[in-house]
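Here is a short report on one structure. Please keep the sequence and the 3D view open while reading.

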Amino acid sequence: MTRPARLGTIVLAIAALLPLAALVITAFGTTWFYPALLPAGWTLEGWTVVGGGRLGPAVATSLAIGSAASLLATVAAVPIGRAIARGDRLVARIGTGAAFLPIAIPPIALATGLQLLALRTGVGGTVVGVVLAHAVPALGYLTLFFVGIFRGVDPEIESAAHTLGLSPRAAWRHVLLPLLRRPLVEALLLGFLVSWAQVPLTLLIGGGAVRTLATELLAYVQAGQDRLAAVSALLLLLPALLALGASRRLARTTGTLAG
Amino acid sequence: MRSSRPLHALVIALVAACGGGDRAADTPELATMAWDDVVAQARGTTVTWRMWRGDPSVNAFVDGWVAPRLAERYGITLRTVEGQGPDIVNQLRLEAQASARGQADLVWINGETFAALRRDTLLAGPWAHRLPNARYVDSSSATVIRDFERPLEGYESPWGRVQFALIYDTLRTPTPPRTVAALAEWIRAHPGRFTHDQGFAGATFHKIVLYALGGGVATFQGGFREATWAAHADTLFEWLAALRPMFWRQGEAFPPSVADLHRLFANGEVDFSMSNNQHEVVTKVRQGILPASARALLLEDGTIANTHYVGIPANAPNPLGAMVVADFLLSPEAQLEKRRPEVWADGTVLARDRLPPDWAMRFATLDTAAGALPDSMLARLARPEVAAEYHDRIVAEWRRRIRAAP
Amino acid sequence: MATPHPRRAVKQTSRWTLLIAAIPAVPALAGLAWSVWAAGGGLEGAFAGRTILARVAEPLLWRSAAWSLTIALVATALATGLAIAIALGYRGAASHDRVARSLAALPLPVPPLVVGLGAVLLLSQSGVLARVAAAFGWIAAPVEMPILLHDARGLGLIAALAWKEVGFLSLVACSIVAQLDPELAASARTLGMPSRAVTRRVVLPLLWRGLAPSVVAVLVFVLGNYELAALLGPADPLPLAVSIAERSRDAAPGALGEAHAAALLATLLALLAVVVHERPGRR
């Protein structure tokens, strides 16, 4: 390996890992002031907040909201994505544009508009409202995802099934669903991650009543509670890292990842 | 369109669902209903309390001490929800506009929030004066019975009291300055070692300097007067402008919030921090956020004492339950527990001489933690808040004259 | 039903399909409609189109918008440059190449909030970087550390945004490079083109073409991000996303309407970025 390349790898390693190391140290350290490179001591005190404090319920809320929003968005995205993939050019353009809209609009801007909508429909400040709000950008991402999936699925397969006499429902169950099994899992995961780390939508539509792990993290950082913030950050990081590891391993074993 | 009928019906149903959320409180006679009836009707209900949830100590007190006792004694389930002043005002405004169902029964407020809510008639009342425990309240104290000089008129019930204090490090600054003038001298002698935040604590600091330079708080009492403001604003801003080059970073940057200021102080970048709560230094030391040698400091010119209150929104679904909670918060038992240094150390709004003797004794013998300031000193140096307009002017002028200027 | 006329049948399907295809946009459009109403004074009881224009034209708002846009462009350019360098520099199959690519992609799953906390811990004047610098003797006190957070130059914010987006962009860039037809580069080389020129004239344009949609997506994301701007940005000029949030929490009458006007401006900018990308590159 050439010198600059080796140096580059070292720089990459430091840049990628140093922030995470700082988080871990802050989460487990006691007082840590300048110029100390390591904390004065170590403690698990930050983690007791998880079990017996605010973080536990917040994590549960995040899990519930993430699952519900993801499920909702996935169920809707499959038929929508398929319709767009099978449609003509006009449908394709409108479809992708429509799916892009909730993603392109800055979340904080989307949140202000949805906040008024939520208040008028009575779901402002409720978990249901936040679930629906999270489903909005999730639906955008997942629609695009399924458009891609269905474009890769040969439409001939469906018409072949139809010619062979299968009813549409049977065609779904026996032909499409097996093909969609892995994409469905990926979609549920993707939708979950979109909701899990969401901040502006939860803040504005939840109105402070709905506390997720992400909003707790923001509150801790702004209140200067670094240790609790670091603990929350590590928890927030966990599902995404797990998902990434799992999908890479899956992809490598099925040979779909280049190196 | 042919098969649009189900869609049509759905839309109609949704629209119909939108408009029917108005559950305006039946306006029970909050002020005249017999207390036993209030308690009886509140039993078995849930009270939603919007409060600031940023301090673990406060949360522990409310969730771990207040809530179980409410459940046990009054059968009330307490549900706390995050919300600070401006959020609460906006939420109540939007709910009133949309005729939406009210969501909060009790709100933790003071100052401008109270003024804004009263102006928009978003608070229920009057009710606070008829609480059984209200007879113990220190109504002789100007800081308690007037919120930024606005009379309470029974629309909010006092809950606790805090006082502004500087924070210094006994190791770095063994002999800290004790007056505003001495502070100015200290800043000149130690360039780059002092600053203030851009938030509420910094604004309070400005107000204290304003009082000190203007000859005391009496100059500014009695409502906002343009003439008084014009006469003293320049003095304050000339003081700040003259010292600015000696501030941290030559005054070209100010920490956005008091939490950032604490970080600067803890890491040795500046030698002073500040807080609107004189006890915050003790809790932050315990949490490891401030160094163990940090202490609170009151200036002899006086520091601003601030009472905080609870109010009941006009559209509260459960105002009776909220009143019971407010009354419990006002009880000597709850006030004492809140005052404990290891709990929250939030000052009490009760008058020692109005309490039954055994309670008065318990307050008097309360252990104070190392680093906590004695009550007598706090009382001596307490200054009330003046009209909220002064606060708004200071903030706006500071942004215009100092932050925006190079 | 009797066999429908073929053209009419296709049209009917299309109409339904069009509706279905448009569903993902419906909540966002409804929200936008409410924002237009509120920005025009609907919350104060008197809607007027003029009000929207007046609010959107507010100079302070444009200052925020200009600042946010600049930061977004710089951060995106930085991330793109780094991603391309990584994709080209580590495109082999050797293990060290794979390690480098994995490291570069590590920021991808990290939520922006977490990036923000990491940045605060590392980049504040008495943060980890400052302490390392002090340990090496490069600075003597925190005050000598360059100011990276909460100031108008936004260096820390740019760094954090770029760090986060290199994860995504490098992943896309690497997979594009991996899928490039090796024949193209090989044939260019047999024609006598030196290796570096091959990279510049053949690989780079192809890489850029494939990367462009992702770069636009990154720009839009960075422009609209709230968390990092709130944690790392200055108070003056206020980042656009933070301005929206603060106005929506300001209790002064009319502030909420201003928040919606600011939201409309932010939406306009983001959609503009998408449109600018879409228009010329119609393949």
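Chain A has 11 helices and zero strands. Helices here are DSSP runs of H or I with at least four residues, strands are E runs of at least two, and both are numbered from the N terminus. Along the sequence, the pattern of chain A reads α-α-α-α-α-α-α-α-α-α-α. This is a predicted model, in which local features need pLDDT of at least 70, side-chain atom pairs count only at pLDDT 80 or more, and totals for chains, interfaces and linings use all residues. Residues are numbered from 1 along each chain as its sequence is written, chains are lettered from A and ligands numbered from 1 in the order in which they are written, and side-chain values use heavy atoms, with hydrogens and water left out.

**Chain A overall**

The C-alpha atoms of chain A fill a box of roughly 75 × 60 × 30 Å along the principal axes. Chain A has 259 residues, and 52% of them count as buried. Buried means under 20% relative accessible area, exposed means over 50%, and partly exposed lies in between, using a 1.4 Å probe and protein chains only. Take the contacts in chain A with a separation of 6 or more: 71% of them join residues 24 or more positions apart. A contact means heavy atoms within 4.5 Å.

**Two helix pairs**

In chain A, helix H3 (residues 55-86) and helix H8 (residues 168-196) have axes that come within 8 Å and cross at roughly 140°. Axes are lines fitted to C-alpha atoms, for helices over the stretch in contact, and angles run from 0 to 180 degrees between N-to-C directions. H3(A) and H8(A) are therefore oblique to each other. Angles under 35 degrees count as roughly parallel, over 145 as roughly antiparallel, 65 to 115 as roughly perpendicular, and the rest as oblique.

The residues of H3(A) that meet H8(A) include Val59(A), Leu63(A), Gly66(A), Ser70(A) and Arg82(A). On the H8(A) side, Trp172(A), Leu180(A), Ala187(A) and Phe192(A) are among them. By class, the residues of this contact divide into 14 nonpolar, seven polar and one charged. Ala, Val, Leu, Ile, Met, Phe, Trp, Tyr, Cys and Pro count as nonpolar, Asp, Glu, Lys and Arg as charged, and the others, Gly among them, as polar.

In chain C, helix H3 (residues 49-56) and helix H13 (residues 255-278) pack at about 75°, with axes 9 Å apart. H3(C) and H13(C) are therefore roughly perpendicular to each other. H3(C) brings Ile52(C), Arg55(C) and Val56(C), while H13(C) brings Gly257(C), Glu258(C), Ala261(C), Leu264(C) and Leu265(C). The contact of H3(C) with H13(C) has five nonpolar, one polar and two charged residues.

**Cores and burial**

Which residues touch the most other members of the largest nonpolar core? They are Leu23(A), Leu217(A), Leu117(C) and Leu232(C), in a core of 133 residues. H8(C) gives the most to this core, with 13 residues. A second, separate core has 59 residues, including Leu183(B), Phe247(B), Ala253(B) and Ile402(B). A nonpolar core is a set of buried Ala, Val, Leu, Ile, Met, Phe, Trp, Tyr and Cys residues joined through side-chain atoms within 4.5 Å.

Leu23(A) touches Ala230(A), Ala233(A) and Leu234(A), and also Val114(C), Leu117(C), Gly118(C) and Leu121(C), not counting residues up to four places away in sequence.

Helix H12 (residues 319-329) of chain B has 11 of its 11 residues buried, so it is largely enclosed by the rest of the structure. Among them are Pro319(B), Met323(B), Asp327(B) and Leu329(B).

Ala159(C) sits in helix H8 (residues 155-179) of chain C. Ala159(C) is partly exposed, with a relative accessible area of 37%. Ala159(C) and Leu231(C) are 72 residues apart in sequence and 13 Å apart in space, C-alpha to C-alpha.

**Backbone details**

| Cis peptide bond | Omega |
|---|---|
| Gly125(B) to Pro126(B) | near -5° |
| Asp236(C) to Pro237(C) | about 5° |

Pro126(B) lies in the loop between helix H5 (111-119) and helix H6 (142-145) of chain B. Pro237(C) is in the loop between helix H11 (227-232) and helix H12 (240-249) of chain C.

Thr121(B) is not a glycine, and its phi is positive, near 45°. Thr121(B) lies in the loop between H5 and H6 of chain B. Thr121(B) is exposed, with a relative accessible area of 62%. Gln250(B), also not a glycine, has a positive phi of about 50°. Gln250(B) is in the loop between helix H9 (226-243) and helix H10 (258-266) of chain B.
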